[in-house]
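Please keep the sequence and the structure in view while reading.

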Amino acid sequence: MVDMKVFDLCCGNDHRFEGWFGSEADYDHQMAASLIECPLCASRDIRRLPSAPRLNLSQASAPAPVAPQPQPVARAGEARAQLQELWMQMARRIVENTEDVGTRFAEEARKIHYQEAEERAIRGVATAEETAALADEGIEVLSLPLPPALKGPLQ
Ligand SMILES: [Zn+2]
């Protein structure tokens with residue numbers, strides 16, 4: 001078992017370092033004989049810093065944590081605008097990659113499911129009853145409110 005004393009030391013040039021000693025007496029002896037030198041500048045003008053729990057010390061030397069800023073109210077609207085933009089991008093992709101079958105949606109979805117029509121992504125409108133009926137038949141459909149701006153013909 002090794003029982004070492006670790007002291008926080010500081011030289012005349014304000015370099016902080018740790019000194020490891022066999023005992024407090026060992027430290028006193030080395031100090032009196034000027035045997036301790038700064039590892040950075042070799043200064044022998046050494047003083048001992050008041051010992052502090054290591055955890056506190058490292059916290060003290062770390063940059064102060066930035067206090068969390070309260071979210072300004074204006075950011076909320078900005079975030080919503082960003083979200084809306086993302087949603088518009090996604091909706092645009094859906095529109096670009098699906099065939100608009102309008103009110104024939106349930107009929108087409110069923111045809112595709114039973115392989116009576118070419119497999120493709122479609123979009124359209126369906127009543128709640130139609131959607132429920134499709135679900136009963138194991139035809140999964142996704143209900144997404146498309147932005148009105150994208151409902152018209154593209155370009
Ligand atoms: Zn130094």
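**Layout of the chain**

The chain has 5 helices and 5 strands. The model is a predicted one. Read from the N terminus, the elements follow the order β-β-α-β-α-α-β-α-β-α. Of the 155 residues in the chain, 7% are buried. Among contacts between residues at least 6 apart in sequence, 44% join residues at least 24 apart.

Three strands form an open sheet in the order 2-1-3, and their pairing is antiparallel. Strand 2 (16-21) and strand 3 (46-48) are the edge strands, each pairing on one side only. From one strand to the next, the twist averages 45 degrees. Strand 1 (residues 5-11) and strand 3 run antiparallel and are joined by 3 bridges. To find this pairing in the model, look for leucine 9, which stands opposite arginine 48 in strand 3. Helix 1 (residues 24-32) lies across strand 1, strand 2 and strand 3. The angle between helix 1 and strand 2 is about 120 degrees.

Strands of a sheet pair through backbone hydrogen bonds, and they may do so either parallel or antiparallel. What do strand 4, helix 4 (residues 105-113) and strand 5 make? Together they make a right-handed β-α-β unit.

In soluble globular proteins, nonpolar side chains tend to be buried together. The largest nonpolar core of this model has 5 residues, namely Val101, Phe105, Ala106, Ala109 and Ala126. Helix 4 supplies the largest share of this core, 3 residues. Leaving aside neighbours within four places in sequence, alanine 109 is in contact with Ile122, Leu134, Ile139 and Val141.

Why does helix 5 (residues 128-136) lie largely in the open? The number of buried residues among its 9 is 0, so helix 5 lies largely in the open. Helix 5 is followed by glycine 138, whose phi is positive, near 80 degrees.

Note on methods. Residues are numbered from 1 along each chain as its sequence is written. This is a predicted model: local features need pLDDT of at least 70, side-chain atom pairs count only at pLDDT 80 or more; totals for chains, interfaces and linings use all residues. A crossover is right-handed if, with the strands pointing away from the viewer, the path from the first strand over the helix to the second runs clockwise. Helices (H or I, at least four residues) and strands (E, at least two) are DSSP runs, numbered from the N terminus. Two strands pair if DSSP finds at least two bridges between them. Axes are lines fitted to C-alpha atoms, for helices over the stretch in contact, and angles run from 0 to 180 degrees between N-to-C directions. Two residues are in contact if their C-beta atoms, placed from the backbone, lie within 7 Å. A residue is buried if 20 or more other C-beta atoms lie within 10 Å of its own, exposed if 12 or fewer, and partly exposed in between; C-beta atoms are placed from the backbone. A nonpolar core is a set of buried Ala, Val, Leu, Ile, Met, Phe, Trp, Tyr and Cys residues joined through C-beta atoms within 7 Å.
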